[in-house]
Structures are given as C-alpha cells and as structure tokens.
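Please look at the sequence and the structure shown here, and keep both in view while reading. The report below goes through them step by step.

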Amino acid sequence: MIFLKTDEEIELLRHCNQIVAKTLAEMAKLIKPGITTLELDKRAEEFIRDNGGVPNFLGYSGYPNSICASVNEQVVHGIPSAKVILKEGDIISIDCGVLKNGFNGDSAYTFCVGEVDPEIVNLLRTTKESLYKGIEQACEGKRLGDIGNAIQTYCEDRGYSVVREMVGHGVGRKLHEAPEVPNYGKKGNGIMLKSGMTIAIEPMINLGSRNLVFEKDGWTTRTADRKPSAHFEHSVAVRHGKADILSSFEYIEQVLGEREF
Ligand code: MF3
Ligand code: CO
C-alpha cells in the first residue's frame with residue numbers, strides 16, 4: 001500500500017531530512033585520515049538528538065548503530081567500528097536517517113578521504129549525477145521504471161554497473177514503505193507516480209561488476225570483485241512537473257568548499 005502524503009506531512013518529512021542533511025555536513029567536517037567510523041557514528045547520534053530527533057537506523061531490524069558507514073568496496077550497511085580507521089585515498093558512504101514528529105528522513109552521500117584516485121572520483125561524480133537524473137523523472141504521470149531507467153542508462157553508458165539486490169523505497173511514517181524504487185528498469189514500466197508520493201532514491205553504483213557479497217556480520221554488503229562502490233540518496237516528494245527534494249547536499253557542499261566530494 002502506497003501512502004500519499006498531505007502538504008503538511010511533506011513539511012514534516014522535509015524537517016527530518018534537513019536534520020539528516022546537517023548531520024551529513026557534520027560528517028563532512030570530521031572525515032579525515034585517522035578518524036574511525038565509530039567516532040563518526042557517535043557524533044551523528046549526538047547531533048541528531050541535539051536537534052530533537054531520534055536516529056531511526058539504530059535498532060532497525062536489530063541494526064546496532066545510527067549511521068551506515070561503507071568504505072571503498074563496501075556498498076551499503078557498513079557497521080561503524082573502532083577498528084575501521086579512515087586513510088588517505090579511501091571513499092566512505094555515510095547513510096543517515098532521522099525520526100522526528102512521527103516521520104522519517106533518509107539520505108546518503110559518498111565522501112573522499114583526502115586525495116582520491118581520479119578514476120574513483122569519476123565514479124562518485126557519475127553516481128551523484130545519476131541520482132539527479134532519477135529525480136528528474138520523479139514527477140506526476142511518469143512511471144517507476146522511468147526513474148530506474150534514467151539511473152541505469154546514465155551509469156551503464158559510462159561503463160559502471162548498477163547494484164540490483166538493494167533498491168530505493170517509499171519513505172514516510174515508516175523508514176521503508178512501498179513502493180520499491182529500483183535503480184534499473186524500462187521506460188514506461190511500473191506503477192504510475194502520483195503527487196504526494198514520497199520516495200528515497202538511492203543509486204548504488206560499482207566501478208567493476210555489479211555482483212555483491214553479503215558479509216557474515218549480517219549487514220555489510222561489498223562488491224564481489226572488491227572494486228569501489230558509490231552511493232548517494234535523496235528523499236523526494238513526487239510533484240506535478242518537478243520533484244521536490246526534501247533532503248539536501250547544500251550543507252555538505254558548504255563544508256567541502258572548493259572540494260567536490
Ligand atoms: N537508507 C538505508 C536503506 O534504505 C537504511 C538502512 S537502515 C539500517 O537501506 F538499519 F539498515 F541501517
Ligand atoms: Co534509504
């Protein structure tokens with residue numbers, strides 16, 4: 001069942017997603033060689049609670065932390081750890097969610113740790129651009145397959161592969177609602193998009209093959225070939241003519257300044 005949101009509910013979702021956006025900007029300030037992903041997690045939790053929110057990943061199906069921190073070949077759902085120390089040249093996807101006023105925010109960004117190989121920076125750029133290609137399709141009268149097709153075509157045309165095992169999703173009173181939002185598909189396929197639908201679009205794009213391995217910790221997924229993977233996510237409201245992006249990368253971009261990622 002897909003829940004359409006009222007304008008008031010969409011504003012509540014925007015508020016949650018703005019806290020997520022500012023939390024990700026806090027992460028941008030801290031991401032440097034030498035910091036551990038557990039330190040990032042602690043700061044994220046503190047920042048979310050200081051803003052009157054609750055970290056909605058914490059305890060979700062038993063997930064142990066407030067953020068997912070996925071380094072290099074890790075695709076998503078990397079568990080923060082004192083043993084994971086970031087080093088120059090790494091990339092790290094931080095996925096973050098906030099529950100407040102009964103609604104859920106969800107957004108992710110992939111950051112560079114110091115100088116990163118230009119081949120990997122290109123992967124990040126393409127993945128981020130593909131997210132916006134998908135968002136362009138998230139308007140009334142388009143279909144779900146139009147979103148996935150836009151992302152898939154953009155990334156595959158540039159030689160990258162699209163993860164299939166995990167997908168975007170509806171988002172609202174629950175973190176994961178119907179419908180599933182794949183990052184692949186055929187134009188004109190799937191359900192018709194309606195104004196008031198709220199969805200998280202989250203391309204997971206690999207430098208090498210699309211095949212994944214699920215680690216024994218029950219959460220972390222990584223590329224089978226151990227080549228890097230990138231992940232960017234926005235929560236958006238489907239609207240007539242143009243999607244309304246409820247999360248934001250603007251706070252991150254302010255922190256990054258001249259740097260791209
Ligand atoms: N944004 C993540 C997703 O949609 C949320 C993960 S919740 C967690 O997959 F508990 F698995 F971390
Ligand atoms: Co999500």
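This is a predicted model: local features need pLDDT of at least 70, side-chain atom pairs count only at pLDDT 80 or more; totals for chains, interfaces and linings use all residues.

An open sheet of 5 strands is arranged in the order E8-E7-E9-E14-E15, and its strands pair in the antiparallel sense. Strand E8 (177-181) and strand E15 (244-245) are at the edges and have a single partner strand each, so one side of each has no neighbour in the sheet. In general, strands of a sheet are paired through backbone hydrogen bonds, and the pairing may be parallel or antiparallel. Helix H4 (residues 144-157) lies across E8 and E9, and its direction makes an angle of about 40° with E8.

## Strand E9 and its partners

Strand E9 (residues 198-201) is joined by 4 bridges to strand E14 (residues 234-237), and the two run antiparallel.

Which way do the residues Thr 198, Ala 200, Ile 199 and Ile 201 point from E9? Thr 198 and Ala 200 point one way, whereas Ile 199 and Ile 201 point the other way, and all of these residues are buried.

## The cobalt site

The cobalt ion (ligand 2) is coordinated by Asp 106 (OD), His 169 (NE2), Glu 202 (OE) and Glu 233 (OE), at 2.1 to 2.3 Å. Along the chain, the donors of this ion follow the spacing D-x62-H-x32-E-x30-E. His 169 belongs to strand E7 (residues 168-170) and Glu 233 to the loop between strand E13 (229-231) and E14, so this pair ties together parts that are 64 residues apart in sequence. Both His 169 and Glu 233 are buried.

Why is the arrangement around the cobalt ion (ligand 2) irregular? The 6 donor atoms subtend angles of 63 to 166°, and this range makes the arrangement irregular. For six octahedral donors, the ideal angles at a metal are 90 or 180 degrees.

## The sheet of three strands

Another open sheet has 3 strands in the order E3-E12-E11, with antiparallel pairing. Strand E3 (74-76) and strand E11 (212-214) stand at its edges, and each has a single partner strand, so one side of each is left without a neighbour in the sheet. From one strand to the next, the twist averages 40°. E11 and strand E12 (residues 221-223) pair over 3 bridges in the antiparallel sense, with Val 213 opposite Arg 222 in E12.

Key: Residues are numbered from 1 along each chain as its sequence is written. Chains are lettered from A and ligands numbered from 1 in the order in which they are written. Side-chain values use heavy atoms; hydrogens and water are left out. Two strands pair if DSSP finds at least two bridges between them. Contact means heavy atoms within 4.5 Å. Axes are lines fitted to C-alpha atoms, for helices over the stretch in contact, and angles run from 0 to 180 degrees between N-to-C directions. Donors are N, O and S atoms within 2.8 Å of the metal (3.2 Å for Na, K and Ca); water is not among the atoms, so sites may look incomplete. Four donors count as tetrahedral if all angles lie between 85 and 135 degrees; four count as square planar and six as octahedral if opposite donors are over 155 degrees apart and all others between 65 and 115; anything else is irregular. Buried means under 20% relative accessible area, exposed over 50%, partly exposed in between (1.4 Å probe, protein chains only).
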